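Morning, everyone. Please have a look before I start.

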Amino acid sequence: MSVNVNTVYQRVLAITNKEQRGYITPQEFNTMANQAQLDIFEQYFYDLNQFARLPGNSTEYSDMLDILEEKISLFEKQSSLGAYDTSHYNLPTDLYRIGSVIYNNNVSGTIIAIEAEQINQKEWLYIQKSPLSKPTDSFPIYIKNQDGLKVYGAAEITADNAINCNYIKQPTPVTWAANATVGTYNDSASTHFELHKSEETELVVKILALGGLVLKDPQLYQIGSAEDVKNVQQEKA
């Protein structure tokens, strides 16, 4: 389902060299490829918010919400947060956006998974003043900060593997690698795009636009940018 990094690189080279615009080195390509991948990836969440406000359709393969959710699903992961350092649970190192936080409540030897509710620090101050609103093991809460998560049931939860986290991971950095001796493509040392296969054309277009800046070719930048705008308009029409 992923996009082959060599396929994209060869297409970019073919287009830029056709008009003798210049050569894009592997190092330059890797930098631009990662920027393009992040641009497309981050746009998913803005588009998801936009299309969620619009009526969908009953067509099996063209509902935009379904298409976006399929693309985002490639980055969905679950992790058990077992590393607790007396102040918080550490979040996964590849975290992009957190989803649900699950408390694995052990009730007489039976594990009952309960989704915790997120609150902020100010809300926690008010909750502690009211016995009726305090969290319990059946209704846990959590607070997220830059260090990680604090989770509270009847008391602060600190047990290893008591907390699971569903989240969206960051895309793995892209690398086009060459064989050291002959300089040809080395698939085993390369890292492909993690984006959905359907994003192959969009990646080429975005990298071409960035390549126009690297090669100081305004025409190439304009062509790539115009094609990118056209694709966006088609998707949101």
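Which residues does Asn186 touch, not counting residues up to four places away in sequence? Asn186 touches Ala177, Ala178 and Asn179. Contact here means heavy atoms within 4.5 Å.

Some ground rules. This is a predicted model, where local features need pLDDT of at least 70, side-chain atom pairs count only at pLDDT 80 or more, and totals for chains, interfaces and linings use all residues. Residues are numbered from 1 along each chain as its sequence is written, and side-chain values use heavy atoms, with hydrogens and water left out.

Back to Asn186. It sits in the loop between β6 (163–169) and α5 (200–214). Helices (H or I, at least four residues) and strands (E, at least two) are DSSP runs, numbered from the N terminus. Is Asn186 buried or exposed? Its relative accessibility is 16%, so Asn186 counts as buried. The cut-offs: buried is under 20% relative accessible area, exposed is over 50%, and partly exposed is in between, with a 1.4 Å probe and protein chains only.

Now the core. A nonpolar core is a set of buried Ala, Val, Leu, Ile, Met, Phe, Trp, Tyr and Cys residues joined through side-chain atoms within 4.5 Å. The largest one here has 28 residues. Val8, Val12, Phe29, Tyr44, Phe193 and Ile207 touch the most other members. At least two residues of this core come from each of α1 (5–18), α2 (26–52), α3 (64–73) and α5. The largest share, nine residues, is from α2. There is also a second, separate core of 16 residues, and Leu95, Tyr142, Leu149 and Ala162 are among them.

Take α3 next. Its buried residues are Leu68, Lys71 and Ile72. Why are they on the same side of α3? Because they cover an arc of only 95 degrees around the axis, taking directions from the helix axis to the C-beta atoms. The buried residues of α3 pack against α2, β1 (76–80) and β6. At the N-terminal end, Asp63 caps α3, with a side-chain oxygen 3.1 Å from the backbone nitrogen of Leu65.

Last stop, Asp94. This residue lies in the loop between β1 and β2 (95–107). Asp94 and Ile168 are 74 residues apart along the chain, yet their C-alpha atoms are separated by 8.5 Å. The side chain of Asp94 makes polar contacts with those of Lys77, at 3.0 Å, and Tyr167, at 2.8 Å. A polar contact is a pair of N or O atoms within 3.5 Å; within protein, one must be able to donate a hydrogen and the other to accept it, and residues adjacent in sequence count only if both atoms are side-chain atoms.
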